[in-house]
Amino acid sequence: MTRVPLRPLARILEARRKGENPDAIEKENRRIRHEAMRDRMRLRAEGRLLVLAMMFFCAYAVIGARMGMLSASEPEEPRAQASGASIIASRADIVDRHGRILATNMSTHSLYAHPNQMIDPERAALRLAEIFPDLDGEKMAKRFMDPKRKFLWVKKKLSPEQMQAVHDIGEPGLLFGPREMRLYPNGALASHVLGGASFGAEGVHSAEVIGTAGIEKFFDKELRDPGREGVPLTLSIDLTVQAAAEEVLDAGMKLMNARGAASVQMDVHTGEVLSIVSLPDFDPNDRPRPPTQGRPSDSPLFNRAVQGVYELGSTFKIFAAAQAMQLGLVTAQSVIDTAPPFKVGGHRIGEFDNHNYGKLTVEKIIVKSSNRGTGKLALAIGPTRQQEFLKAMGLFDATPLEIVEASGGKPLWPSRWTDLSAVTISYGHGISTTPLHLAAGYAAIANGGHIVKPTLLKQSGPRYQDVILRKDVAQDALHMLRQVVASEDGTASFAEVPGYHVGGKTGSAEKPKENGGGYYKDKNINTFASIFPANDPKYVLVVTLDEPVETSGSKPRRTAGWTAVPVAAEMIGRIAPLLGLRPDYETGQLDVSMSASD
C-alpha cells in the first residue's frame, strides 16, 4: 500500500506561490488518511462478525440436528462406564432352546480390607468369623494386624444379608466393591453341561467372569465378547426335558442301588442333545474343588455321559448285524447256528447263563442277545472291515460335543485287532466308549443310515453327514430293535411304554478290575440304548447305571433288563408328552350295541 505524505512538497510550494496556508494541506491529508483507516477497520470488524455468525449458525444447526435425531430414536437406558474399564465384566446369558435362562449375571459386592485404616482389627476379625463360618477369626486377626499389609481380600462375593451384617460392624477399614457374578438360577440342573464360572482379573470395582468348565469354558471367548451386545448363547437343551430326565434318573439310581448313572437324549436328525445327565451332580453356583485323590469317577464333577469310557456290552450287537446286512453277507431272516461249542483263538465263547439257543435268524440273535450268533457275524465281516465300520461311526474319536470335558472321553480299543477281538467287540467287550458315542451310533440307525454329530447348540434343521447304512438295512435294524422290546422273549420287554413304540437293546457288561486282573462278577455297567417312536424315529435315549442291583426278588438281579430298562421306560413315559409326541393307542372294535328294558 502506497503511503501518501501529509505535506507533499509540490503542493506546499504551489500553495505558497498562491499565498495559501500550507497547513490546510496537511489537515486535509490527515483527514483522508483517518477515513481510510476507519474504512479498513470497519471492513475487518464486519468480516469477523460474519465469521462468528457463521460459526454460531453451524453450531446451532448441529445441536438442532442431534436433538432431532434423539427425539426420533427409541428411548434407552444409559450405560454407565465402570471405573475398572480395563476389566471386561459383562458376560452373555446362556438359554435353553426355548429361551429360558440357564446362566445369567447378578450384581453383587466383594469385601476387602485396608488394615492400616482399621480401628479395632481383632474385633473386626472375630465378627467376620461369626458372619462367615468358613473364616478363621484368629488367622484373620493376625493378617489384619500385620503392619506390612495394606490390602487384603476377605470375600469375593457377598449376599445382601452378609453385606448388611458386615456394614453393621462399623469398621472403616472394611470396604465393599461392586462386581458381577455368574448365577445359575436352576441350581444343579444341567450342571455338567454348564460347568461353572469363576473370577479372572480382579479389581476392587469390577471383576472378570471366566468359564471354568463345561460349555462356559468351551465358549468363554464368545460369551465375553462385547460385540455380542447381549445376544444369549442358545443351547439345544430343553429345560423341562432335562428336569424330568434328572428326576427320573436320580430316583432310578437310588432304587437300583447304583453308584452313579448317566443318560443322553439326542435328536436323530439334527444331532441336538435335548438332555444329558450325569449323577451324582453338583451346584455350579458353589462348584466343589476337583479331587486330589481317589478315582476321578468318585467326584460329582465327573461327567459319566461324556467322560465315562465303559464297555457297553450287548448294545453293540446291532452294529455287527447292521454291517453284515450292509455287506450283503446276511439278511434279517438268515439262519445262524449258535449251538456250542464255539471257540476263537483257543477261547470259548459262551452265552448268558449258559443258554443254548440253537439255530436263530439274525433278527432273533438280536432279540435273544446271542453272543455266539453275533460273534459268527463278526467273523464273516472280518476284523479289518469291522474296524473300518466302527471308525466311520465315530467310535474311535472323542465326540465333538461343545464342552471341554468331551475331549477326555476318547474310546479305548485293542492295539492288535485279532479274530478274537472282532468277536468280543461285536458284543461290546474289548472296546470302551461313552454313552454319548453309543447315542450317536444308534441315531444313524434311526434316521435311515446317516451319521450325525451330537451338538449342544440349537440347530435349524437336519445335519446329515456321511451315509453309513442303506435305508433298507437301517429299517431292518430298527425293526430288530423294536422286536427286542415288543417280543415276549426279548431282553427289554419292560421297556414297552403304552402309546409309544420303543425299540432298543440292552447291554450288561462286567466291570474290569482296576489292576487289570479280569472282571468283577458282581459289578456291572448296565445300559439300555433306545429309539422312540420306533415307527417314526425322532429321538435316541441311552441310560447307563454303574453297579446297579435290583433287590425286590428272592435274589439280586444285576442285568440291564431288570435295572436300566425300567428306568429308561419311566423316562420315556415322562418326557415323550413334554416333547409333543402324541401317544398312538391301537383301538379295537367297540361293541356299541345296547339292549333296552322296561
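Ser-421 sits in helix α14, residues 419-426 (helices are DSSP runs of H or I with at least four residues, strands are runs of E with at least two, and both are numbered from the N terminus). At 11% relative accessibility, Ser-421 counts as buried (buried is under 20% relative accessible area, exposed is over 50%, and partly exposed is in between, with a 1.4 Å probe and protein chains only). Setting aside residues up to four places away in sequence, Ser-421 touches Pro-414 and Arg-416 (a contact means heavy atoms within 4.5 Å).

Keep in mind that this is a predicted model, where local features need pLDDT of at least 70, side-chain atom pairs count only at pLDDT 80 or more, and totals for chains, interfaces and linings use all residues. Residues are numbered from 1 along each chain as its sequence is written, and side-chain values use heavy atoms, with hydrogens and water left out.

- β16 is largely enclosed by the rest of the structure, because eight of its eight residues are buried.
- Both faces of β16 are covered: one side has Tyr-539, Leu-541, Val-543 and Leu-545, and the other has Val-540, Val-542, Thr-544 and Asp-546, all buried.
- On pairing, β8 (residues 260-267) runs antiparallel to β16 over eight bridges (two strands pair if DSSP finds at least two bridges between them).
- Within that arrangement, Met-266 stands opposite Val-540 of β16.
- β15 also pairs with β16 in the antiparallel sense, over eight bridges, and Ala-529 has Val-542 in β16 as its bridge partner.
- A hairpin of six residues takes the chain from β15 to β16.

**Glu-550, just along the chain**

- Look for Glu-550 in the loop between β16 (539-546) and α17 (564-578).
- Glu-550 is buried, with a relative accessible area of 10%.
- Glu-550 and Met-256 are 294 residues apart in sequence, yet their C-alpha atoms are 5.2 Å apart in space.
- Beyond neighbours within four places in sequence, Glu-550 is in contact with Met-256, Lys-555, Pro-556, Arg-557, Trp-562 and Thr-563.

**Helix α15**

- α15 covers residues 435-446, and its twelve residues reach 16 Å from first C-alpha to last, close to the 16 Å expected at 1.5 Å a residue (the expected span is 1.5 Å times one less than the number of residues).
- The helix is mostly covered, with twelve of its twelve residues buried.
- Among the buried residues of α15 are Pro-435, His-437, Gly-441 and Tyr-442.
- Just after α15, Gly-448 takes a positive phi of about 100°.

- As background, most residues other than glycine have a negative phi, and most peptide bonds are trans.
- The bond from Pro-340 to Pro-341 is cis, with omega near 0°, and Pro-341 lies in the loop between β10 (335-337) and β11 (343-344).
- Another cis bond runs from Phe-532 to Pro-533, with omega near -15°, and Pro-533 is in the loop between β15 (519-532) and β16.
- Asp-353 has a positive phi near 60° and is not a glycine, and Asn-354 has a positive phi of about 55°.
- Asp-353 is in the loop between β12 (347-348) and β13 (359-361), and Asn-354 is also placed between β12 and β13.
- Asp-353 counts as exposed at 57% relative accessibility, and Asn-354 is exposed with a relative accessible area of 61%.

**Pocket and cavities**

- The largest pocket has a volume of about 1400 Å³.
- Of the 41 residues lining that pocket, the closest to its centre are Glu-351, Phe-352, Asp-353, Ser-508 and Thr-559.
- Elements giving two or more residues to the pocket lining are β12, α14, β14 (503-512) and β15, and β14 gives the most, with five.
- The pocket lining divides into eleven nonpolar, 17 polar and 13 charged residues (Ala, Val, Leu, Ile, Met, Phe, Trp, Tyr, Cys and Pro count as nonpolar, Asp, Glu, Lys and Arg as charged, and the others, Gly among them, as polar).
- α6 (191-194), α9 (239-255) and β9 (273-279) each supply at least two residues of the largest cavity's lining.
- On terms, a 1 Å grid over the protein atoms alone is used: a cavity is a set of points where a 1.4 Å probe fits but cannot get out, a pocket is an open set with protein on both sides within 12 Å along at least five of seven lines, and lining residues have an atom within 4 Å of a point.
- Grid points are joined across faces, edges and corners, and a volume is the space filled by probe spheres set on the points.
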